[in-house]
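Thank you all for making the time this morning.

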Amino acid sequence: MKHREQHLSGRIGWLRAAVLGANDGIVSTASLVVGVASAASSRQAILVAGIAGLVAGALSMAAGEYVSVSSQRDTERADLERERWELATQPKAEEDELTAIYRRRGVEPDLARSVARQLMAKDALAAHARDELGLTDKMAARPLQAALASAATFAAGAALPILTVVVAPGASDA
């Protein structure tokens, strides 16, 4: 029987974008709606402004998140390319580096060397990506996922102040 653990850290990329998107959707759209309403505009004008803010904000959040996370992904890829070059040109130094990482984590020197050799024999780049750079497939930057999460949660957050405009009694309703 397999022991399966579900850790939340694998969701951190899209979850961070989702929280920021929802928060920004609520705050910016509520501010926009209040500003337009304070100008003594009609309910229809307030709704149009709120919906326009929702659409513009969701698109803006998606674009910003995509660019931001793409930069992170590009940096990760550049680090992996550098590591690939170092493994090809300085394999002994890279083995020493991995051994030192395991020793700092408390592994005995001979065992640290043995672990470094075994992991490098299986997949040297993966071992260095994980243990030297802290990069894993599960935690890799995913620009499209972050952009979609940000846009969707911005829209959901922005819907709250718009819904308030729809259900709140107007001056003529009182």
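This is a predicted model: local features need pLDDT of at least 70, side-chain atom pairs count only at pLDDT 80 or more; totals for chains, interfaces and linings use all residues.

Let me begin with contacts, by which I mean heavy atoms within 4.5 Å: in this protein, residues 24 or more positions apart account for 75% of the contacts with a separation of 6 or more. Residues are numbered from 1 along each chain as its sequence is written, and side-chain values use heavy atoms, with hydrogens and water left out.

The protein has five helices and zero strands, where helices (H or I, at least four residues) and strands (E, at least two) are DSSP runs numbered from the N terminus. The radius of gyration is 25 Å, well over the 16 Å that the globule rule gives for 174 residues, so the protein is more spread out than a compact globule; that radius is taken over C-alpha atoms, and the rule is 2.2 Å times the number of residues to the power 0.38. Along its principal axes, the C-alpha trace spans about 80 × 40 × 25 Å. Buried residues make up 30% of the 174 residues, with buried meaning under 20% relative accessible area, exposed over 50%, and partly exposed in between (1.4 Å probe, protein chains only).

Now to helix α4, residues 109-133. A straight helix of 25 residues would span 36 Å at 1.5 Å a residue, yet α4 spans only 21 Å between its end C-alpha atoms; the expected span here is 1.5 Å times one less than the number of residues. Where does α4 bend? The bend, of about 125°, is at D123, and this is the angle between axes fitted to the seven residues ending there and the seven starting there. Just after α4, G134 takes a positive phi of about 75°. The buried residues of α4 include A112, A116, M120 and H128, and what covers the buried residues of this helix includes α2 (43-89) and α3 (91-104).

That brings me to the largest nonpolar core, which has 10 residues in all, among them L87, L98, I101, Y102 and L125; such a core is a set of buried Ala, Val, Leu, Ile, Met, Phe, Trp, Tyr and Cys residues joined through side-chain atoms within 4.5 Å. The elements that give two or more residues to this core are α3 and α4, and the largest share, six residues, comes from α4. Apart from this core lies another, of nine residues, among them A58, A147, A151 and A158.

E95, found in helix α3, counts as buried at 13% relative accessibility, and, not counting residues up to four places away in sequence, E95 touches R113, A116, R117 and M120. The C-alpha atoms of E95 and A159, 64 residues apart along the chain, are separated by 54 Å. E65, in helix α2, also counts as buried, at 8% relative accessibility, and, leaving aside its neighbours within four places in sequence, E65 is in contact with R16, A17, A146, A147 and S150.
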